[in-house]
Amino acid sequence: KQEVTQIPAALSVPEGENLVLNCSFTDSAIYNLQWFRQDPGKGLTSLLLIQSSQREQTSGRLNASLDKSSGRSTLYIAASQPGDSATYLCAVLNEKLTFGTGTRLTIIP
Amino acid sequence: EAGVVQSPRYKIIEKKQPVAFWCNPISGHNTLYWYLQNLGQGPELLIRYENEEAVDDSQLPKDRFSAERLKGVDSTLKIQPAELGDSAVYLCASSLNGGSVDTQYFGPGTRLTVL
C-alpha cells in the first residue's frame with residue numbers, strides 16, 4: 001500500500017525567504033507526482049505535475065523535483081509572499097492518487 | 001470556463017438521517033472522482049467514474065454509501081444513514097480521461113457535520 005509522508009506538518013517563514021517542502025513515498029512504481037495547494041475552506045488547486053520519467057517541473061516561482069528511486073520530491077518556493085500561505089499537498093499516482101497529509105505554510109509579512 | 005461545481009457547500013444533519021451531495025464536473029471531462037477529506041488529512045478516494053461506469057469503488061463503504069453518474073456528466077453521492085464519523089469534507093474532482101498525464105481539477109467541497 002502506497003504511503004505518502006510530508007515533513008514538516010507546519011512551517012512559518014518571513015516574507016521574501018526561499019523555502020523547501022518535502023514529500024516522500026514508499027512505492028516508487030508511480031506514473032506521476034503532483035503538488036497541490038489548498039486554501040482554507042476551498043478545494044485543491046494543482047500546481048505542478050511531474051511525470052515519472054521527468055526530474056523536475058517549474059512554474060513561476062515554484063520548482064518541483066522528483067527522485068523516484070529514493071521515493072522523494074521537493075517543492076521549492078522562491079521569494080515567498082504572504083499570498084503563498086496555504087496547505088501544500090503532494091500526491092502520487094499509481095493505481096489511484098494517494099495524498100500526503102500536507103504542510104501548512106504561513107508566510108509572515 | 002467554469003470549474004467543478006459542488007452543492008451544497010455546507011450540510012448539518014442529525015445522525016441516522018440521509019444526505020446527498022451533487023457534483024457537476026468540468027465540461028468535456030470524462031473521469032469523475034469523489035474524495036473524502038478528514039480534518040488535517042489528505043483526500044482519500046471513494047469512487048472513480050469513467051463516463052457512467054464506476055471503475056474503482058473499492059474504498060466506498062457500500063453498506064451506507066452509494067453514488068451514481070447516470071448520464072456520464074453530473075454525479076450524486078449519498079449516505080444513508082449518516083453516522084457521527086462521516087463528518088468530513090467531500091470533494092469532487094474531474095479530469096479529461098483519467099490518464100497519467102491528466103490533472104485532476106477539484107471542486108470546493110461539501111463540508112458535512114453529523115450531530
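Among contacts in chain A (heavy atoms within 4.5 Å) between residues at least 6 apart in sequence, 53% join residues at least 24 apart. For chain B, the corresponding share of contacts between residues at least 6 apart in sequence is 54%. The structure is a predicted model, in which local features need pLDDT of at least 70 and side-chain atom pairs count only at pLDDT 80 or more, whereas totals for chains, interfaces and linings use all residues; side-chain values use heavy atoms, with hydrogens and water left out. Residues are numbered from 1 along each chain as its sequence is written, and chains are lettered from A and ligands numbered from 1 in the order in which they are written.

Chain A contains zero helices and 11 strands, where helices (H or I, at least four residues) and strands (E, at least two) are DSSP runs numbered from the N terminus. Its elements accordingly read β-β-β-β-β-β-β-β-β-β-β from the N terminus on. The C-alpha atoms of chain A fill a box of roughly 40 × 25 × 20 Å along the principal axes. The radius of gyration of chain A is 13 Å, in agreement with the value near 13 Å for a compact globule with 109 residues; this radius is taken over C-alpha atoms, and the globule rule is 2.2 Å times the number of residues to the power 0.38.

Chain B likewise comprises zero helices and 11 strands, in the order β-β-β-β-β-β-β-β-β-β-β from the N terminus. The C-alpha trace of chain B spans about 40 × 25 × 25 Å along its principal axes. With 115 residues, chain B has a radius of gyration of 13 Å, which agrees with the value near 13 Å for a compact globule.

In chain A, 45% of the 109 residues count as buried, a class defined by under 20% relative accessible area, with exposed meaning over 50% and partly exposed in between (1.4 Å probe, protein chains only). Buried residues make up 44% of the 115 residues in chain B. Chain A exposes about 5,200 Å², of which carbon and sulfur atoms supply 48%; accessible areas come from the Shrake-Rupley method with a 1.4 Å probe, and for residues only the protein chains shown count as cover.

Chain A carries 9 positive and 9 negative side chains, and the centres of the two sets lie 4 Å apart. Here Lys and Arg count as positive and Asp and Glu as negative, His and the chain ends not being counted; the place of a charge is NZ of Lys, CZ of Arg, CG of Asp or CD of Glu. Chain B has 11 positive and 14 negative side chains, with the centres of the two sets 8 Å apart.

Two disulfides (pairs of cysteine sulfur atoms within 2.5 Å) are counted over all chains. In one, the sulfur atoms of A:Cys23 and A:Cys90 lie 1.9 Å apart, and the link is right-handed, with 65° about the S-S bond. This pair links distant parts of the chain, with A:Cys23 in strand S3 (residues 19-25) and A:Cys90 in strand S9 (residues 86-93) of chain A, 67 residues apart. A:Cys23 counts as buried because its relative accessibility is 3%, and A:Cys90 is buried at 0%.

The other disulfide joins B:Cys23 to B:Cys92, with an S to S distance of 1.9 Å; this link is left-handed, with -70° about the S-S bond. Distant parts of the chain are again linked, with B:Cys23 in strand S3 (residues 19-24) and B:Cys92 in strand S9 (residues 88-95) of chain B, 69 residues apart. B:Cys23 is buried at 0% relative accessibility, and B:Cys92 is buried at 0%.
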